[in-house]
Amino acid sequence: MQMYEPNSVYIPPGYGKITFGRTEIKHILLAVGVLTVAFTIFFSFGYNIGGLSAAEQVLVFLAISFGAVTTGFMLHELAHKAVAQRNGAWAEFRAYPMGLVMSIFFALLGFILAAPGAVYIQGMISRKQNGIISLAGPLTNIGLAALFFGLYFVAGGGLLAFAMFQIGFINILLAMFNLLPIPPLDGYKVLKWNVPIYIAALLTAVVPVALIWSGAVVFGF
């Protein structure tokens, strides 16, 4: 029998490590695959790239969709997972089968409604820890959006610039959406933890989207 010193804090093996379960990996691959198909369908209906055959366009949209899904959705969820596990909580991603089906259905109608799944978290975490865990996803999207918008300007135009903009825009849209103060979205949990931090994060996501939609920032393709 293992003995502990009085008033000592027992830290279980594996505390703070980032690990993946077999079931979780299957769910991640399923969500990425289905959502990539949904976005490919959406882009195929919404855009036409001159000078490319139909097959070539599908391959281009497939590549853009995979980039958007792996960065915008999966890295968002894995950021939640990493921060939660670093705080000692159990955290694993699980796909929403109905959400994935609906993603394909709505893509066929010409728009995206994506609910691929979420990271489930269990453990003794404080309101502050929960707020930080929740903020990790949108902040990841904001950082990625800044990266891809920067790559867009470096590319200067053409197909690569188009791809960089689309991936960046999807990331910033996801950040804005997830920061809405509506349960169970991330914004609701961040707002409950810290109002000033919530407002700063929300403005960081909303301002770029508003500028692009208003035409203040013009992207030519």
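Start by selecting N194, which sits in the loop between α6 and α7; helices here are DSSP runs of H or I with at least four residues, strands are runs of E with at least two, and numbering goes from the N terminus. N194 counts as partly exposed because its relative accessibility is 23%, where buried means under 20% relative accessible area, exposed means over 50%, and partly exposed is in between (1.4 Å probe, protein chains only). Draw a C-alpha to C-alpha distance from N194 to M124: 19 Å in space, 70 residues apart in sequence.

Some ground rules: this is a predicted model, so local features need pLDDT of at least 70 and side-chain atom pairs count only at pLDDT 80 or more, while totals for chains, interfaces and linings use all residues. Residues are numbered from 1 along each chain as its sequence is written, and side-chain values use heavy atoms, with hydrogens and water left out.

Next, pick L185 in the loop between α5 and α6. Is L185 buried or exposed? L185 is buried, as its relative accessible area is 16%. Leaving aside residues up to four places away in sequence, L185 touches F177, N178 and L180 (contact means heavy atoms within 4.5 Å).

Check the peptide bond from P183 to P184: it is cis, with omega near 5°.

Now show α4 (residues 127-155) and α7 (residues 195-214), which pack at about 35° with axes 11 Å apart. Those axes are lines fitted to C-alpha atoms over the stretch in contact, and angles run from 0 to 180 degrees between N-to-C directions. Which residues of α4 and α7 make the contact? Select L135, I142 and F149 on α4, plus I197, A201, T204, A205 and I212 on α7. By class, that is seven nonpolar, one polar and no charged residues.

Off the end of α4, find G156 in the loop between α4 and α5. G156 is exposed, given a relative accessible area of 67%. Stretch a C-alpha to C-alpha line from G156 to F20 and you get 39 Å, for 136 residues in sequence.

Rings of Phe, Tyr and Trp (its six-membered ring) pair if their centres lie within 6.5 Å; planes under 30 degrees apart are stacked, over 60 edge-to-face, and the rest tilted. Select F106 and F111: the centres are 5.1 Å apart and the planes at 45°, so this pair is tilted. F106 is buried at 15% relative accessible area, whereas F111 is partly exposed at 39%. Then highlight F39, F42, F43, Y47, F61, F73 and F162, which ring pairs link into a cluster.

Finally, zoom out. The protein has seven helices and two strands, in the order α-α-β-α-β-α-α-α-α. Its C-alpha atoms fill a box of roughly 75 × 40 × 30 Å along the principal axes.

Methods:
Nonpolar A, V, L, I, M, F, W, Y, C, P; charged D, E, K, R; others polar.
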